[in-house]
Structures are given as C-alpha cells and as structure tokens.
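Below is a briefing on one chain, grouped by topic. It covers the fold, the surface and the pocket.

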Amino acid sequence: MSFIIWIVVGGILGWLASLVMRTDAQQGLFLNVVVGIIGSLLGGWLLSPLFGAGTINADDFSLMSLLVSFLGAVVLLAIVNLIFRGRVR
C-alpha cells in the first residue's frame, strides 16, 4: 500500500514542481510521477543532509520530507531545462 501512496505523492510533488518551473504544459501524468520520484531521490542525495530530514522515498511523510522532495523535483526540472533549453525558467 505504501507503494501506491509513494506514486501518488510523487505525482503531486512532480506536478507542483512543474507548475513552479512552468513546464506543466509539456509533461503529462506519467512524467509528473517520474519527476516527483526522481526529484525526491535527488533531494535526498543533495538536500536531505542540509535539512536533516528524510524524503518520501525513505517512507518519511513529514512536512520537512515533503519539502525536501519538492525542492529536489524543482532542482531536477531546473537541470533538465538548463540542459535542453540552455536556460532556467
């Protein structure tokens, strides 16, 4: 059951990150889930030591872990925009 919650929360975080980065029109539901989950992994690797919190991938559903996962998704979209478009939106 936690796998389904992981996908749903990853999709929501990916969708919110795509709204912040203004890439929502370019990606669908599947890419929102992928961005949310991979962004959470990236946030756990880069930002989790700074904030001292886990991520949604570590089954930690606190407010701080959601923030770290969200920021990781935003960083992932910024990196993708920088590589493919040459600028961050």
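**Helices, surface patch and pocket**

I12 is placed in helix α1, residues 2-20. The model is predicted: local features need pLDDT of at least 70, side-chain atom pairs count only at pLDDT 80 or more, and totals for chains, interfaces and linings use all residues. Residues are numbered from 1 along each chain as its sequence is written, and side-chain values use heavy atoms, with hydrogens and water left out.

**Fold**
- The chain has four helices and zero strands; helices (H or I, at least four residues) and strands (E, at least two) are DSSP runs, numbered from the N terminus.
- Along the sequence the pattern reads α-α-α-α.
- Of the chain's 89 residues, 40% count as buried; buried means under 20% relative accessible area, exposed over 50%, and partly exposed in between (1.4 Å probe, protein chains only).

**Nonpolar surface patch**
- I12 is partly exposed, because its relative accessible area is 45%.
- I12 belongs to a nonpolar surface patch of about 650 Å², made by F3, I4, V8, I12, W15, L16 and L19.
- Patches are made of residues with over 30% relative accessible area and no salt bridge, with nonpolar side chains (Val, Leu, Ile, Met, Phe, Trp, Tyr) joined within 5 Å and like charges within 9 Å; a salt bridge is a side-chain nitrogen of Lys or Arg within 4 Å of a carboxyl oxygen of Asp or Glu.
- Accessible areas come from the Shrake-Rupley method with a 1.4 Å probe.

- W45 lies in helix α2 (residues 29-46) and counts as exposed because its relative accessibility is 66%.
- V68 lies in helix α4 and counts as buried because its relative accessibility is 0%.
- V68 and G52 are 16 residues apart in sequence and 9.6 Å apart in space, C-alpha to C-alpha.

**Largest pocket**
- The largest pocket holds about 170 Å³ of space; a pocket is an open set of points on a 1 Å grid where a 1.4 Å probe fits, with protein on both sides within 12 Å along at least five of seven lines.
- Its lining residues (an atom within 4 Å of a point) are T23, Q26, Q27, L31, V34, V35, L76, L77, V80, N81 and R85.
- Two or more of these residues come from each of α2 and α4 (63-85), and α4 gives the most, with five.
- By class, the lining has six nonpolar, four polar and one charged residues.

Terms used:
Grid points are joined across faces, edges and corners, and a volume is the space filled by probe spheres set on the points. Ala, Val, Leu, Ile, Met, Phe, Trp, Tyr, Cys and Pro count as nonpolar, Asp, Glu, Lys and Arg as charged, and the others, Gly among them, as polar.
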